[in-house]
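Dear colleague,

I am handing over the structure below, together with an account of what was found in it.

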Amino acid sequence: MPGQNQGGFAAIGADPDEAERRIQEWAKGFEEKAQRYQAMQAETEQLRLTATSDGGHIKVTVRADGSVTDLEFTDKVRSLPPSELASQILSTMHRAQSDIANKVGATMSAHLGDEDLETRTMMLDNLRERFPEEPEDESDEPEVSSKWDAPADEEAAPPPPPPAPPAASNPPAAPKKRPNFEDDDDEFGPDFDPLRD
């Protein structure tokens, strides 16, 4: 309706100077947003999270994507059985990774404020799923044995032999022979090619 103030894009067409000013503000807003995202990404790429094993003889450092960047041992690891060493390395790595979502979330908040909360929530939920937080109350109970554990009794009974294959009741059928082309018409024999002159 004439005489009414129309906002949005309709108002842009009314005054060319106003349209140009709004487009420049819009572009500047996108540029500033892109700069905030780039700064956030650069800081996130520099994040390093470090955890130390309970005994203090293993230290693992990870990036924000969870990949290990550093692994350090003290001389005490030489006395650990290989299975215990592997278990401690993995638990220390998981401990370092468990704070990734919190650190990335803090970096995002610092650069983006309340901007794009839905996207941020989705990204942080994904990180929390991939790298769950360490439980507050860790029990000292040993983990359940897995199939890779060595038997506790060295003289354990050997595994039973595999079952014998079933006896064949019928011999396999002989392969079928190809049909023999004995036709009076030489044009349509086994070497017939309709594309050949």
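What percentage of the residues in the protein is buried? Buried residues (buried being under 20% relative accessible area, exposed over 50% and partly exposed in between, with a 1.4 Å probe and protein chains only) make up 18% of the 197 residues. Before the details, please note that this is a predicted model, in which local features need pLDDT of at least 70 and side-chain atom pairs count only at pLDDT 80 or more, while totals for chains, interfaces and linings use all residues. Residues are numbered from 1 along each chain as its sequence is written, and side-chain values use heavy atoms, with hydrogens and water left out.

On the overall architecture, the protein has five helices and three strands (DSSP runs numbered from the N terminus, helices being H or I of at least four residues and strands E of at least two), and from the N terminus on these elements run α-α-β-β-β-α-α-α. The accessible surface of the protein comes to about 16,500 Å², with 53% of it belonging to carbon and sulfur atoms (by the Shrake-Rupley method with a 1.4 Å probe; for residues, only the protein chains shown count as cover). Of the contacts (heavy atoms within 4.5 Å) between residues at least 6 apart in sequence, 53% join residues at least 24 apart.

Next, the helix packing. Helix α2, residues 16–46, packs against helix α4, residues 100–112, at an angle of about 155°, and their axes are 9 Å apart (axes are lines fitted to C-alpha atoms, for helices over the stretch in contact, and angles run from 0 to 180 degrees between N-to-C directions). That makes α2 roughly antiparallel to α4, where angles under 35 degrees count as roughly parallel, over 145 as roughly antiparallel, 65 to 115 as roughly perpendicular and the rest as oblique. The contact is made by Arg36, Tyr37, Ala39, Met40, Glu43 and Thr44 of α2 together with Val104, Thr107, Met108, His111 and Leu112 of α4. These residues divide into six nonpolar, three polar and two charged (Ala, Val, Leu, Ile, Met, Phe, Trp, Tyr, Cys and Pro count as nonpolar, Asp, Glu, Lys and Arg as charged, and the others, Gly among them, as polar).

Helix α4 also packs against helix α5, residues 117–130, with axes that come within 9 Å and cross at roughly 165°, and α4 and α5 are therefore roughly antiparallel to each other. In this contact, residues of α4 including Ile100, Ala101, Val104, Met108 and Leu112 meet Arg120, Met123, Leu124, Leu127 and Arg128 of α5, and by class the contact has eight nonpolar, three polar and two charged residues.

In the loop between α4 and α5 lies Asp116, whose phi is near 55°, a positive value in a residue other than glycine. Asp116 is partly exposed, with a relative accessible area of 27%.

Two further residues may be worth a look. Asp70 has its place in strand β3 and, leaving aside neighbours within four places in sequence, is in contact with Lys59, Val60 and Thr61; the C-alpha atoms of Asp70 and Val60 are 5.8 Å apart, although the two are 10 residues apart in sequence. Lys76, in the loop between β3 (68–73) and α3 (82–97), counts as exposed at 54% relative accessibility.
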